[in-house]
Amino acid sequence: MSPSPTRVPTGARVFLILLACLALLPIAALAWIALTPAPGVWPHLLEFVLPRSAFNTVVLLVGVGFGTAALGVGSAWFVSLTRFPGRQFLQWALVLPLAMPVYIAAYGWVEFLDYSGPVQNALRDVTGWTSFRDYWFPDIRSLTGAVIIFTLVLYPYVYIPARLVFMVQGATALDAARGLGAGPARLFTKVALPLSRPAIAAGVALALMETLNDIGAVEVLGVRTLTYAVFETWLNRDSLSGAVQLALLVLLVVGGLIWLERAARNNRDFARSSREREPARLDLSVTGKAFAFSFCALPVLAGLGIPLATFATFALRRLEAFTEPALLSAALNSLTVALLCALLAVTIAYLVLQTARLHRSKRLALAGRLASLGYAIPGTVLALGLLVPLAGFDNWLDGTLRETFNWRTGLLLSGTIVILVYAHTLRFLSVAYGTIETAFLRVPPTIDMASRGLGRTGRQTALFVHVPILRAGLAVAAMLVFVDSVKELSATLLLRPFGFQTLPTLVYERASQAAIEDAAPAALAIVLVGLIPVAVLNAVPSGLTRGKMRQLAPRPA
């Protein structure tokens, strides 16, 4: 029995309507700016930019989609349902590449495979070759290289929910199929894959959105995508309207990804099991165990180990750089923005979900969903949609106050970290919303009724009953938003105030100037910060780990 709906207070309605308006502001601004003509831009784009960018984007998305699905589902299958040496270590290590930003992985792999890198140096030492004219070596700066690197970093988006399905929610079905005589191959293709279809769809959709969001990795790898074309059209060709029109094209691609994800699910949900237990594991042959270990270990080594080792080597050569004022200032700026973003995102998501739960209003729930749409918008596109209206507001306010009171306000929003915190909160609100919503699902309505029956008001229930119960979910949400904010490059690069450096922008600027060794300390700091939540989540007991995995399971925006 659920508590009956109550009338929604005016203050709550105003709050949620304002929140939805702030979330939809960048999209509305993009639509308005796109109506401005862009003379001379589109002929150039259609002839020289769009064909190549569209082709690269499609190939990259298809390659990353298939790659992350194969790696994520395959590794989840081996660690969840088979026995092989090293399985217990690898089952949590496979999540670690998620701490590595794609652009840092790209920089690391380029240095590792470069002509002056350790691989080609070792090759010349062994063979006696003296120059690049003596041999051919594959170029990582290519579309194929981009597909491989993105796949190696983003496959955990599929691995996490797929493993959850195999370990807990599909345990009964898998054991029943095994009892009916299904062998390993048939068990995987006929039972496990259909069970994990919603998980695969959700994870692949998130991985593809992250792929579209990137501009750092595709630039260093020489792959011009539609997102990078937006960045280039705005800054290099000085055409705001042309960039916005391209940005809307990118949003159409994102909308298509979300639609495909929904269609793939076809109103299906994750497999449910009445008992939280792991299924019986399959015994593999010696060859099978070696293959399973290699299949699971190589993504960890390639997605995290090699880039991390590359930057750690560079950083150890420059220990004095860790106390460099520019690095310390960038670290402080990153921490400030990330902490503010985490606090705002968790608070907003909790208030929205608490209000919707208390008043059982579908409209309020819809407002919350609208507010969490930012994750689906690539950072470059989001920056365009925010900078123009906020800069216009700043200029209007400054002009009005100057004429009326002779006051000069300057850029209150677009020229300070306010716009940066706004963009980060809007972009990562979905992460907090999905995590806290999942935690709320584990709180039965009877607790609310018992609290109200004991005389507590709705606010007292939210503060003194729900918060203690949800503290783990709230902490995980804050941690995830914090780490995502620290790693964010695309929006930060375009929205940061003049002279304002964060760790990602410092890495980007120094790497763009071919000073990759100078960028190593900042890159290493970003990766180590990203490893914190993974280490925390994997240090808790197994029962709690499964709960955290549910909260981490990707939910499409």
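Student: What should I know before reading the model?

Tutor: It is predicted: local features need pLDDT of at least 70, side-chain atom pairs count only at pLDDT 80 or more, and totals for chains, interfaces and linings use all residues. Residues are numbered from 1 along each chain as its sequence is written, and side-chain values use heavy atoms, with hydrogens and water left out.

Student: Which residues touch the most other members of the largest nonpolar core?

Tutor: A nonpolar core is a set of buried Ala, Val, Leu, Ile, Met, Phe, Trp, Tyr and Cys residues joined through side-chain atoms within 4.5 Å. Buried means under 20% relative accessible area, exposed over 50%, partly exposed in between (1.4 Å probe, protein chains only). Here the largest core has 164 residues, and Ile-104, Phe-150 and Ile-436 touch the most other members. Helix H2 (residues 41–81) gives the most to this core, 15 residues. Helices are DSSP runs of H or I, at least four residues, numbered from the N terminus.

Student: What is Ile-436 in contact with, beyond four places in sequence?

Tutor: Contact means heavy atoms within 4.5 Å. The partners are Val-346, Ala-349, Tyr-350, Leu-353, Gly-473, Leu-474 and Ala-477.

Student: How is a pair of aromatic rings described?

Tutor: By the distance of the centres and the angle of the planes. Rings of Phe, Tyr and Trp (its six-membered ring) pair if their centres lie within 6.5 Å; planes under 30 degrees apart count as stacked, over 60 as edge-to-face and the rest as tilted. The count here is 9 aromatic pairs. Trp-109 and Phe-112 have ring centres 5.5 Å apart and planes at 90°, so this pair is edge-to-face. Both residues lie in helix H4 (residues 102–113), 3 residues apart, about one turn of the helix. Trp-109 is buried at 14% relative accessible area, while Phe-112 is partly exposed at 21%.

Student: Is Thr-425 buried or exposed?

Tutor: Buried, at 8% relative accessibility. Thr-425 lies in helix H17 (residues 417–440). A polar atom of its side chain lies 2.7 Å from the backbone oxygen of Val-421. Not counting residues up to four places away in sequence, Thr-425 touches Cys-341, Leu-344, Ala-345 and Ile-348.

Technical notes
Helices (H or I, at least four residues) and strands (E, at least two) are DSSP runs, numbered from the N terminus. A polar contact is a pair of N or O atoms within 3.5 Å; within protein, one must be able to donate a hydrogen and the other to accept it, and residues adjacent in sequence count only if both atoms are side-chain atoms.
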